[in-house]
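Visitor: Hey, I'd like to get to know a protein model today. Could you walk me through it?

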Amino acid sequence: VGSEKINTDIVTLTRFLNEEQTKHKEATGDFTLLCHALQFSFKSIAYYIRRASLINLSGLAGSSNVTGDDQKKLDVIGNDIFIAAMRSSGRVRVLVSEEEEEAIVFDAKDARYAVLCDPIDGSSNLDAGVSVGTIFGIFKLPEGAKGTKEDLLKPGTELVSAGFTMYGASAQLVLTMKDGPVNGFTMDNALGEFILTHPDMQMPKHRGIYSVNEGNSKYWDEPVKEWVESLKQAEKPYSARYIGSMVADAYRTLLYGGIFAYPADKKSPKGKLRILYECAPMAMVFENAGGQAVNSKMARMMEVIPEQIHDRSGIFMGSYDEVQKVIDIHKKHG
Ligand code: AHG
Ligand code: MN
Ligand code: MN
Ligand code: MN
């Protein structure tokens, strides 16, 4: 062993969740059990993604979902794995998934949680071996809730927890609690454990990286065009980085700083990304990491209330000062 001391005081996700639970005297342990079911679904989805091209799991399923996306085989498998894990936890009352037209109400009559999920985000990239991920959000429900639409059509400020797992070079879990820090965990395949590797992630306040699909620029409104042009004409022009998987673009933005945007535009007047299981969970992560997230009207993303469970929104999220630039340009346009 070299001069550095081997860290033997390893914080696994399991230990982290136990320590979190002891902070809440009134905790019943239900949230911890729910997170263990979430953890299993990430491990299981990661397993299938890494073997997809070996077991003929790449390519299209031949179906499409309610938001019009063609479903990949892994969209469907990831969805089935996630639903089974949430159902068997016995702690989830109702589940919204990108791949399910209606919310799924489980039999767990006394369960107090609603889970929102995008089982495979970035699935159009899957067959190219590009990083994809799973995005989730968790609402706590009132006693005796039935898992109705009213329980689900809530703003991000009501989320008790949110995060995502990116299946990249290694599986990276990013997890945050309401008004809490953002913690990053890396899957150690040898141990089969998520290990705390990025405690209390704080974004740089600014960074010259912008992430947006410029193929849509002919459809953008004036303030968005002016904003992107201002980055290109900056004293030190910004770098363009766009992977096309929100989870991968988000993880880079969280670590390096910069800004990710999917503006509402003439082609997608309500935006493309879905509020409940893409925009709101990501907005919570970015705010808790010191950044900000707004919609195309420059309203705080966390306060946007969807009218339908698959409602979409424009989104700008990233380093605090980088999002502020977008807000200031929109203000100028009045
Ligand atoms: P999903 O794969 O869950 O349907 O999400 C895809 C989303 C998001 O991951 C990404 O940021 C965006 O689609 C990319 O859209 P474009 O290909 O239009 O840029
Ligand atoms: Mn999709
Ligand atoms: Mn997605
Ligand atoms: Mn998806």
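This is a predicted model: local features need pLDDT of at least 70, side-chain atom pairs count only at pLDDT 80 or more; totals for chains, interfaces and linings use all residues.

Visitor: Okay, ligand 1 then. How many residues surround it, and which are the closest?

Guide: There are 18 residues around ligand 1. The closest are Asp-69, Asp-121, Gly-122, Tyr-242 and Tyr-262.

Visitor: How do those residues of the shell divide into nonpolar, polar and charged?

Guide: Six are nonpolar, five are polar and seven are charged.

Visitor: Which strands supply at least two residues of that shell?

Guide: Strands S5 (113–121), S13 (259–262) and S14 (273–274) each do that. S5 gives the largest share, with three residues.

Visitor: What about the oxygen atoms of ligand 1? Which polar side-chain atom lies 2.6 Å from one of them?

Guide: That one belongs to Tyr-242. Backbone atoms turn up too: a polar backbone atom of Ser-123 is 2.9 Å from an oxygen of ligand 1, and one from Ile-120 is 3.3 Å from a ligand oxygen. As for cover, ligand 1 has 470 Å² of accessible area on its own, and the protein covers 88% of that.

Visitor: Let's switch to the metals. What coordinates the manganese ion called ligand 2?

Guide: Asp-69 and Glu-98 coordinate ligand 2, at 2.0 to 2.1 Å. Asp-69 sits in the loop between strands S1 (60–64) and S2 (70–72), and Glu-98 sits in the loop between S3 (92–97) and S4 (104–105), so the pair ties together parts that are 29 residues apart in sequence.

Visitor: Is Glu-98 buried or exposed?

Guide: Glu-98 is buried, with a relative accessible area of 3%. Asp-69 is partly exposed, at 24%.

Visitor: And the manganese ion that is ligand 3? Which residues are its protein donors?

Guide: They are Asp-118, Asp-121 and Glu-278, lying 1.9 to 2.0 Å from the ion. Along the sequence, the spacing of these donor residues reads D-x2-D-x156-E. Asp-121 is in strand S5 and Glu-278 is in helix H7 (residues 275–288), so this pair links distant parts of the chain, 157 residues apart.

Visitor: Are Asp-121 and Glu-278 buried or exposed?

Guide: Asp-121 is buried, with a relative accessible area of 4%. Glu-278 is buried as well, at 1%.

Visitor: What separates the two manganese ions, in Å?

Guide: Ligand 2 and ligand 3 are 5.5 Å apart.

Visitor: You mentioned H7. How many of its 14 residues are buried?

Guide: 13 of the 14 are buried, so H7 is largely enclosed by the rest of the structure. After H7 comes Gly-290, which has a positive phi, near 90°.

Visitor: Who does S9 pair with? Start with S8: how many bridges join them?

Guide: Five bridges join S8 (residues 171–177) to S9, and the two run antiparallel. One spot to look at is Leu-175, which stands opposite Asn-183 in S9. The two strands form a hairpin with four residues between them, and Asp-179 in the turn has a positive phi of about 55°.

Visitor: And what joins S9 to S10?

Guide: Five bridges again, with S9 and S10 (residues 193–198) running antiparallel. Thr-186 has Ile-195 in S10 as its bridge partner. S9 and S10 make a hairpin with four residues between them, and Gly-192 in that turn has a positive phi of about 70°.

Visitor: One last thing. In what order do the five strands of the open sheet come?

Guide: The order is S12-S11-S13-S17-S15, with mixed pairing. S12 (239–240) and S15 (292–294) stand at the edges with a single partner strand each, so one side of each is left without a neighbour in the sheet.

Visitor: How does S15 pair with S17?

Guide: S15 and S17 (residues 315–318) pair in the antiparallel sense over three bridges. Gln-292, for instance, has Gly-318 in S17 as its bridge partner.

Note on methods:
Residues are numbered from 1 along each chain as its sequence is written. Chains are lettered from A and ligands numbered from 1 in the order in which they are written. Side-chain values use heavy atoms; hydrogens and water are left out. A residue is near a molecule or strand if one of its heavy atoms lies within 4 Å of it. A polar contact is a pair of N or O atoms within 3.5 Å; within protein, one must be able to donate a hydrogen and the other to accept it, and residues adjacent in sequence count only if both atoms are side-chain atoms. Accessible areas come from the Shrake-Rupley method with a 1.4 Å probe; for residues, only the protein chains shown count as cover. Ala, Val, Leu, Ile, Met, Phe, Trp, Tyr, Cys and Pro count as nonpolar, Asp, Glu, Lys and Arg as charged, and the others, Gly among them, as polar. Donors are N, O and S atoms within 2.8 Å of the metal (3.2 Å for Na, K and Ca); water is not among the atoms, so sites may look incomplete. Buried means under 20% relative accessible area, exposed over 50%, partly exposed in between (1.4 Å probe, protein chains only). Two strands pair if DSSP finds at least two bridges between them.
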